Amino acid sequence: MTDRTIGYIVGSISSTSINRRLAKALERLAPEGTTLVEIPIKDLPFYSPDYDADYPQVARDFKQALADVDGVIIVTPEYSRSIPGVLKNALDWAARPWGQGSFNGKPTAVIGTSGGGIATAAAQQHLKAILSHFNAPTLGQPEGYVQSTPGLFTEDGEVTSEQTAEFLSAYLEAFLALVGRYALAREAVAA
Ligand SMILES: Cc1cc2nc3c(=O)[nH]c(=O)nc-3n(C[C@H](O)[C@H](O)[C@H](O)COP(=O)(O)O)c2cc1C
């Protein structure tokens with residue numbers, strides 16, 4: 001299997017984030033040849049078009065990190081039935097400058113966890129609408145709705161439920177298949 005590097009963004013900056021634990025779980029479950037690396041967002045200032053002519057280094061680094069990976073997984077909580085502001089801010093940096101959208105053609109998957117029964121489904125629908133606008137090919141199935149229970153993930157990402165671990169492995173496999181299909185398509189266009 002071809003080696004892949006997948007970036008992940010955590011849509012929470014909470015020091016006790018359960019979504020960060022979920023991201024760590026994905027990192028641990030990645031199959032051989034696949035490396036998951038975090039693309040951090042917490043130091044990005046609020047985006048303004050005033051920056052378009054001269055992006056600050058932290059935003060350049062963020063866009064370069066997105067450019068360097070084969071695909072992106074966004075792991076996010078749901079805030080007020082949508083995505084957290086910190087994540088929307090990062091996506092706005094990714095969208096600009098005009099014509100240089102970082103998600104254009106970038107295979108992307110979304111997943112999230114909360115204690116609630118719908119497990120971030122509303123936030124993920126908003127996020128998929130944004131990614132569609134960005135022209136990012138997005139994983140449709142399986143959907144990443146993970147309901148958290150206390151202790152489901154340890155701090156360093158161990159999954160204490162075999163069923164959840166199996167689901168997350170299958171989710172990663174499906175996303176890597178999507179990443180592979182787009183890599184093949186890019187090679188065919190370049191040939
Ligand atoms: C401002 C705010 C809004 C929230 N809104 C929702 C919501 O709409 N739906 C939901 O399931 N949980 C909601 N929650 C609860 C979060 O799912 C819960 O705090 C979760 O632990 C956040 O993820 P994190 O631990 O990764 O930061 C909200 C929490 C906060 C702080």
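Helices (H or I, at least four residues) and strands (E, at least two) are DSSP runs, numbered from the N terminus. Serine 80, for one, lies in the loop between strand β3 and helix α3.

The model is predicted: local features need pLDDT of at least 70, side-chain atom pairs count only at pLDDT 80 or more, and totals for chains, interfaces and linings use all residues. Residue numbers start from 1 along each chain as its sequence is written.

**Serine 80 and its neighbour**

Phi of serine 80 is near 50 degrees, a positive value in a residue other than glycine. Arginine 81 sits in the loop between β3 and α3 too. Its phi is near 65 degrees, again positive in a residue other than glycine. Most residues other than glycine have a negative phi, and most peptide bonds are trans.

Burial is a count of other C-beta atoms, placed from the backbone, within 10 Å of a residue's own: 20 or more is buried, 12 or fewer is exposed, and in between is partly exposed. Serine 80 has 9 such atoms, so it is exposed. Arginine 81 has 12, so it is exposed.

Both residues belong to the shell around the ligand, which also includes Ser12, Ser14, Ile18, Asn19 and Tyr79. A residue is near a molecule if its C-beta atom, placed from the backbone, lies within 6 Å of it. The shell divides into 3 nonpolar, 7 polar and 2 charged residues. Here Ala, Val, Leu, Ile, Met, Phe, Trp, Tyr, Cys and Pro count as nonpolar, Asp, Glu, Lys and Arg as charged, and the others, Gly among them, as polar.

| Bond | Omega |
|---|---|
| arginine 96 to proline 97 | about -10 degrees |
| glutamine 141 to proline 142 | about 0 degrees |

Proline 97 is in the loop between α3 and β4. Proline 142 is in the loop between α4 and β5.

**Two helices**

The expected span of a helix is 1.5 Å times one less than its number of residues. Helix α1 (residues 18-29) has 12 residues and should span 16 Å; its end C-alpha atoms are 17 Å apart, which agrees. This helix is mostly covered, with 10 of its 12 residues buried. Among them are Ile18, Asn19, Leu22 and Leu26.

Helix α4 (residues 121-133) reaches 19 Å, close to the 18 Å expected. Its buried residues are Ala123, Gln124, Leu127, Ile130 and Leu131. The face turned away from the buried side of α4 carries the exposed Ala129, Ser132 and His133.

**The core**

A nonpolar core is a set of buried Ala, Val, Leu, Ile, Met, Phe, Trp, Tyr and Cys residues joined through C-beta atoms within 7 Å. The largest has 46 residues, and those with the most contacts inside it are Tyr8, Leu22, Leu26, Ile73 and Ala90. Elements giving it two or more residues include α1, β3 and α4.

Which strand holds isoleucine 111? Isoleucine 111 is in β4. With 26 C-beta neighbours inside 10 Å, this residue counts as buried. Two residues are in contact if their C-beta atoms, placed from the backbone, lie within 7 Å. Leaving out residues up to four places away in sequence, isoleucine 111 touches Leu22, Ile73, Val75, Gly144, Val146 and Tyr171.
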